Amino acid sequence: MVPGDGRRRRRREPSIHQLRLLLTVAEELHFGRAAARHFISQPALSQQIRVLEERLGIPLIERLGGGVRLTSAGSAVAEQSRAVVDGLERLLQVADAHAGAITGRLRVGSLGAEAAMPHASAVLALLRDHQPQLEVEVRNVGFIQQFDSLSNGEVDAAFLRGPLPSGFQSLQLATESRVVCLAADDPLAAEETLTLAQLADRLVVDMPREVPRMWWDHLTVNPRPDGTPVRFGPVVRDTEAMVLAVLQKRAITFLPASARRLYPRPGLVYVDVPELGDSVSYLAWLPANRDLPAVRALRTAARSARQQGERPATGD
């Protein structure tokens, strides 16, 4: 080897963190969603990808109007990155087994952007602090698979919104008010607060039949307090499709108040509806998984985060 070649090669070596970021971008094909999964800002993610491209000397990502795609070189590098990341995980598992630490991977489901909410971020931060050897993989789950992903073992625990079906154990993490999402030119959009009676003639977005009906009926207050059934409109499978239906003036929908921050869109307005009650956030798991070391560590972090936030306790 020519003197200096080793030093030059080391300067080109990417970090494991950068490789993980690239793999997440490859999965999501969207910088915003990839950044949320790693609990970092989108500019910070973009900067890390640029540094990775500079180190390797090749373009990895093509930036598009609505997202990104991998270049041919990016696809090849991502494939090799998976092998590197998996190899490191196996190495750490061997080392941690000798050290007696909790090892392996914890798969945590997140309904939409739930894992990026402050209460969930606090839980995951505490878990990382106390169990740095444990790899935590956050998987996005949609309306349809949110409960099935727990039941069939795709995830070990999940950040979800209530009400939860029977058969799960849970820890309440936070509550917030709920709002109605309206098109900006809706005559009611200028109101500070609304009642369900004022919204009685509006179609409400619906869920696919695979979603537990009791969950969606509760969230849409169906039937209404006077016994009137809700008039349901277009069926949606995720929150993006939900707000798009409102933008297209096909229906209205109800969301947690944090939607104002998470889903701001030109042409949308969020108005308080006190009768909707609160939206409750939970960490949920199967009873059979309760005492798995990784799940137990997650539950411990959740209780600590809740105590630090002085949130009301529920049975866990």
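Modeller: Pro-223 lies in the loop between α8 and β8 (232-235); helices (H or I, at least four residues) and strands (E, at least two) are DSSP runs, numbered from the N terminus. The model is a predicted one, in which local features need pLDDT of at least 70 and side-chain atom pairs count only at pLDDT 80 or more, while totals for chains, interfaces and linings use all residues. Residues are numbered from 1 along each chain as its sequence is written, and side-chain values use heavy atoms, with hydrogens and water left out.

The phi of Val-221 is positive, near 50°, in a residue other than glycine. Most residues other than glycine have a negative phi, and most peptide bonds are trans. Val-221 has 17% relative accessibility, so it counts as buried; buried means under 20% relative accessible area, exposed over 50% and partly exposed in between, with a 1.4 Å probe and protein chains only.

Going back into the helix itself, α8 covers residues 213-220 and includes Met-214. Trp-215, Trp-216, Asp-217, Leu-219 and Thr-220 of α8 are buried. Met-214, by contrast, has a relative accessible area of 38% and is therefore partly exposed. Leaving aside neighbours within four places in sequence, Met-214 is in contact (heavy atoms within 4.5 Å) with Pro-163, Leu-164 and Pro-165. Pro-163 is found in the loop between β5 (157-161) and β6 (169-183), and the peptide bond from Gly-162 to Pro-163 is cis, with omega near 5°. Met-214 and Ser-121 are 93 residues apart along the chain, and their C-alpha atoms are separated by 28 Å.

Another positive phi occurs in Lys-249, about 60°, although Lys-249 is not a glycine. Lys-249 sits in the loop between α9 (239-247) and β9 (253-256). With a relative accessible area of 54%, Lys-249 is exposed, whereas Val-221 is buried.

Now the rest of the chain, beginning with helix packing. Helix α2 (residues 16-28) packs against helix α3 (residues 31-38) at an angle of about 130°, with the axes 8 Å apart. Axes here are lines fitted to C-alpha atoms, for helices over the stretch in contact, and angles run from 0 to 180 degrees between N-to-C directions. The angle makes α2 oblique to α3; under 35 degrees counts as roughly parallel, over 145 as roughly antiparallel, 65 to 115 as roughly perpendicular, and the rest as oblique. α2 contributes Arg-20, Leu-21, Thr-24, Val-25, Glu-27 and Glu-28 to the contact, and α3 contributes Phe-31, Arg-33, Ala-34, Arg-37 and His-38. By class, these residues are four nonpolar, two polar and five charged, with Ala, Val, Leu, Ile, Met, Phe, Trp, Tyr, Cys and Pro counted as nonpolar, Asp, Glu, Lys and Arg as charged, and the others, Gly among them, as polar.

α2 also packs against helix α4 (residues 42-56), at an angle of about 110° and with the axes 10 Å apart. That makes α2 roughly perpendicular to α4. On the α2 side the contact is made by His-17, Gln-18, Leu-19, Leu-21, Leu-22 and Val-25, and on the α4 side by Leu-45, Gln-48, Ile-49, Val-51, Leu-52 and Arg-55. The division here is eight nonpolar, three polar and one charged.

One more loop residue is Thr-71, placed between β2 (68-70) and α5 (72-99). Thr-71 is buried, at a relative accessible area of 11%. A polar atom of the Thr-71 side chain lies 2.9 Å from the backbone nitrogen of Gly-74. Beyond neighbours within four places in sequence, Thr-71 is in contact with Pro-59, Leu-60, Ile-61 and Glu-62.

As for the whole, the protein has 11 helices and 11 strands, and its C-alpha trace spans about 80 × 45 × 35 Å along the principal axes. Of the 316 residues, 46% are buried. Among contacts between residues at least 6 apart in sequence, 71% join residues at least 24 apart.

Note on methods: Polar contact = N/O pair within 3.5 Å; in protein donor to acceptor, adjacent residues only side chain to side chain.
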